[in-house]
Amino acid sequence: MTFFLSGGAKCGKSGLAQRIALSLAGDGPRYYVATLIPTGAEDQERIRLHLEDRAGMGFQTVECFTDVMDCLRYADPRGTFLVDSVTSLIQNALFPAERNYEMDPEGAMRCADSLVQFARTVDNAVFVSDYIYAEPVQYSASTEEYRKILAAVDRRLAGLCDTVIEMTAGQPTIHKGELKL
Amino acid sequence: MILIIGGAYQGKLDFAKEQFGITEADIHTCADGQIDFSRRCIDKVEAFAACHPDPIGYFEENRAAWQDSILILQDIFCGVVPMGAENRVWRQKTGRLAQYLTREAAQVSRIFCGLEQRLK
């Protein structure tokens, strides 16, 4: 089973994604795909809080910054994967640190294709993304490119996943499939 | 009239094409304060609202012209109140127009990640 969750900031999508992943995993292996490249103390603190959140849930953490298929070199594809977040993967790929954050749309497309292939390959996956499309703001060209690419991969994953959920203030709206916990 | 709303890049126009057989020739894309209601599908109504001083008044005056139209309007209503006065006014005018159009519409569909959520 595959799930796609999106919503605004602090709407409870990560928490629900964890509960879904635990429910899908049963007694099987469960993996948390860590996507954030820490760049300072603030990120380290965020990571520490996320680790605390997941303590005792039995997740193995697999670090993956751009190509999510890489996870399968270490992890069992029959397991359950929590990918939090799609946003972060696309950001890492579109603005690669090793190219001094210069925009790399082709790299982002490879990242998007890898996510789609991953969704088709593993038994269970929960993808978390961010809904950043409803603001009256004129962004810079590079930010606009980022929104466009993220939206395109969101749409591909939403088309592919069994269940699609939008979170609003902790409340799920089911756009496709069903949510049973 | 059918109103399709949703955030940027969510697949609103693709939905109109798939559901209602809209082709490129049927589409008027707003870029200023003018709308060509002879086209079946009016895209980027929010851009019209940005440029017209009284968008609701314009729609009321031309009510007969858009009764069978498919209107596409981008959701620009989240986030903090914009710093610039121009964007604040744009969001308010567009929001009021969206409410007027949803009252008038026979069908309102919101598109989220390419999926339809029927609001009316």
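Me: How much area is buried between chain A and chain B?
Reply: This is a predicted model. Carbon and sulfur atoms give 61% of the area buried between chain A and chain B. That buried area is about 1800 Å².

Me: Which residue of chain B forms a salt bridge with Arg155(A)?
Reply: The count between chain A and chain B is two salt bridges. In the one at Arg155(A), the closest N and O atoms are 2.8 Å apart. The partner of Arg155(A) is Asp14(B).

Me: Which element gives the largest share of the side of chain A that touches chain B?
Reply: Strand 1 (2–7), helix 5 (141–160), strand 6 (163–168) and strand 7 (171–176) of chain A each give two or more residues to that side. The largest share is seven residues. It comes from helix 5 of chain A.

Me: How many residues are charged on the side of chain A that touches chain B?
Reply: In the contact, 21 residues of chain A meet 23 residues of chain B. On the side of chain A, nine residues are nonpolar and four are polar. The charged residues number eight.

Me: How many residue pairs are in polar contact across the interface of chain A and chain B?
Reply: Both residues of a pair must be at pLDDT 80 or more. Under that rule, the number of pairs is seven.

Me: At what angle do the axes of helix 3 and helix 4 of chain A cross?
Reply: Helix 3 spans residues 86–94 and helix 4 spans residues 105–121. Helix 3 passes helix 4 in a right-handed crossing. The axes come within 7 Å and cross at roughly 145°.

Me: How many residues of the contact of helix 3 with helix 4 of chain A are nonpolar?
Reply: Helix 3 of chain A brings Val86(A), Leu89(A), Ile90(A), Ala93(A) and Leu94(A). Helix 4 of chain A contributes residues including Pro105(A), Gly107(A) and Leu115(A). One residue of the contact is polar and none is charged. The nonpolar count is ten.

Me: What is omega of the cis peptide bond that joins Asp84(A) and Ser85(A)?
Reply: Ser85(A) lies in the loop between strand 4 (80–84) and helix 3 of chain A. The bond from Asp84(A) to Ser85(A) is cis, with omega about 25°.

Me: What is phi of Lys44(B)?
Reply: Lys44(B) sits in the loop between strand 3 (41–43) and helix 2 (45–51) of chain B. Its phi is positive, in a residue other than glycine. The value for Lys44(B) is near 60°.

Conventions. Residues are numbered from 1 along each chain as its sequence is written. Chains are lettered from A and ligands numbered from 1 in the order in which they are written. This is a predicted model: local features need pLDDT of at least 70, side-chain atom pairs count only at pLDDT 80 or more; totals for chains, interfaces and linings use all residues. Side-chain values use heavy atoms; hydrogens and water are left out. Axes are lines fitted to C-alpha atoms, for helices over the stretch in contact, and angles run from 0 to 180 degrees between N-to-C directions. Helices (H or I, at least four residues) and strands (E, at least two) are DSSP runs, numbered from the N terminus. A crossing is left-handed if the near helix is turned anticlockwise from the far one by less than a right angle, and right-handed if clockwise. Contact means heavy atoms within 4.5 Å. Ala, Val, Leu, Ile, Met, Phe, Trp, Tyr, Cys and Pro count as nonpolar, Asp, Glu, Lys and Arg as charged, and the others, Gly among them, as polar. Buried area is the accessible area (1.4 Å probe) that two parts lose on being put together, summed over both. A salt bridge is a side-chain nitrogen of Lys or Arg within 4 Å of a carboxyl oxygen of Asp or Glu. A polar contact is a pair of N or O atoms within 3.5 Å; within protein, one must be able to donate a hydrogen and the other to accept it, and residues adjacent in sequence count only if both atoms are side-chain atoms.
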